[in-house]
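User: Please take a close look at a single part of this model. Then place that part against the rest of the chain.

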Amino acid sequence: MTRLEQATSLDRTAERVQRIVAAAIRPQRLRDFLHGVALGHPLHPAMVQVPIGAWASTAVLDLMPGQRRAATALVALGTATALPTAVAGWNDWASLSREQQRVGLVHALANGLAIGMYAGSLAARLTGRHGLGRTLGFLGMAAAGSGGFLGGHLAYKQAAGVNQGVPDLRRIEDGWHAVADMSALPQQKLLTRRIDDIAVIVYRDGDDVTVMLERCAHQSGPLGAGEVTREDGRTCVKCPWHGSTFELDGGEVVHGPAGTDQQVLPTRVVGGVLQTRLP
């Protein structure tokens with residue numbers, strides 16, 4: 001796996017595929033949907049459950065007598081739902097870091113092989129060649145399992161698709177922390193401050209003040225260097241790295257590639273001093 005992460009020979013292919021994905025998946029609203037923005041949760045790992053579940057169930061039924069029709073139906077379900085699942089995966093992949101994209105390419109190749117095997121399995125079953133259909137199904141399950149292993153490596157070792165900012169919360173001590181004097185906070189301007197060595201951004205609009213984790217949930221981009229924008233009447237901050245956009249009032253994700261909200265901390269003002277704490 002370490003060699004795969006360091007396989008620079010894959011970079012040229014990754015760059016070409018990235019351009020294809022960017023050109024094919026438009027507009028922004030579609031990209032946001034595929035990232036899971038509306039759910040506040042990445043869409044691809046949720047969609048994966050359907051084809052994998054259907055294919056795994058097929059493998060069980062293929063070992064039992066009298067289950068040809070049910071097995072064929074599950075192969076069809078898994079193969080049909082694998083295609084939109086793959087589209088959501090490619091959409092997420094296009095905004096990953098270089099090392100993550102290398103692993104992601106092989107992950108996609110394994111899953112593409114699985115889809116091809118199950119498509120062949122379905123064709124064989126529908127034409128009465130159930131022995132060949134079962135063989136192709138088991139080969140497809142092996143390919144899908146390999147793809148799942150690589151997907152787990154992406155998520156749990158390389159932290160692809162996880163909220164990058166949340167671990168910072170574990171490093172902030174309980175209790176209220178002084179952030180800044182209210183009189184020193186300019187109106188409608190992003191400032192970066194630190195709480196127990198954790199960077200946060202501070203934004204004041206009138207008497208309302210937002211304190212938000214500064215590391216972008218998507219790939220740890222510096223929101224403090226981001227742009228304040230207006231989206232459908234809401235004041236938002238846009239990450240300078242990949243364009244993830246979050247509402248400043250509550251941290252809700254407005255545009256991807258981030259699929260989760262950005263953490264906002266509770267605030268209060270005591271003696272003219274802005275304070276914040278863990279949620």
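Analyst: **A close look at one side chain**

Glu 247 counts as buried because its relative accessibility is 14%; buried means under 20% relative accessible area, exposed over 50%, and partly exposed in between, with a 1.4 Å probe and protein chains only. The model is predicted, so local features need pLDDT of at least 70 and side-chain atom pairs count only at pLDDT 80 or more, while totals for chains, interfaces and linings use all residues. Residues are numbered from 1 along each chain as its sequence is written, and side-chain values use heavy atoms, with hydrogens and water left out.

Glu 247 belongs to strand E7, residues 245–247. Helices (H or I, at least four residues) and strands (E, at least two) are DSSP runs numbered from the N terminus. With residues up to four places away in sequence set aside, Glu 247 touches Met 212, Arg 234, Thr 235, Cys 236, Glu 252 and Val 254; a contact means heavy atoms within 4.5 Å.

One of these partners, Glu 252, is also part of a negative surface patch with Asp 205, Asp 207, Asp 208, Asp 249 and Asp 261. Patches are made of residues with over 30% relative accessible area and no salt bridge; like charges are joined within 9 Å, and nonpolar side chains (Val, Leu, Ile, Met, Phe, Trp, Tyr) within 5 Å. A salt bridge is a side-chain nitrogen of Lys or Arg within 4 Å of a carboxyl oxygen of Asp or Glu. Lys and Arg count as positive, Asp and Glu as negative, and His and the chain ends are not counted; a charge is placed at NZ of Lys, CZ of Arg, CG of Asp or CD of Glu. Asp 205, in strand E3 (residues 198–205), is partly exposed at 34% relative accessible area.

A nonpolar patch of about 390 Å² is formed by Val 60, Leu 63, Met 64 and Phe 138. Val 60 sits in helix H4, residues 43–62, and is partly exposed at 48% relative accessibility. Accessible areas come from the Shrake-Rupley method with a 1.4 Å probe, and for residues only the protein chains shown count as cover.

For the protein overall, there are 7 helices and 11 strands, and 46% of the 279 residues are buried.
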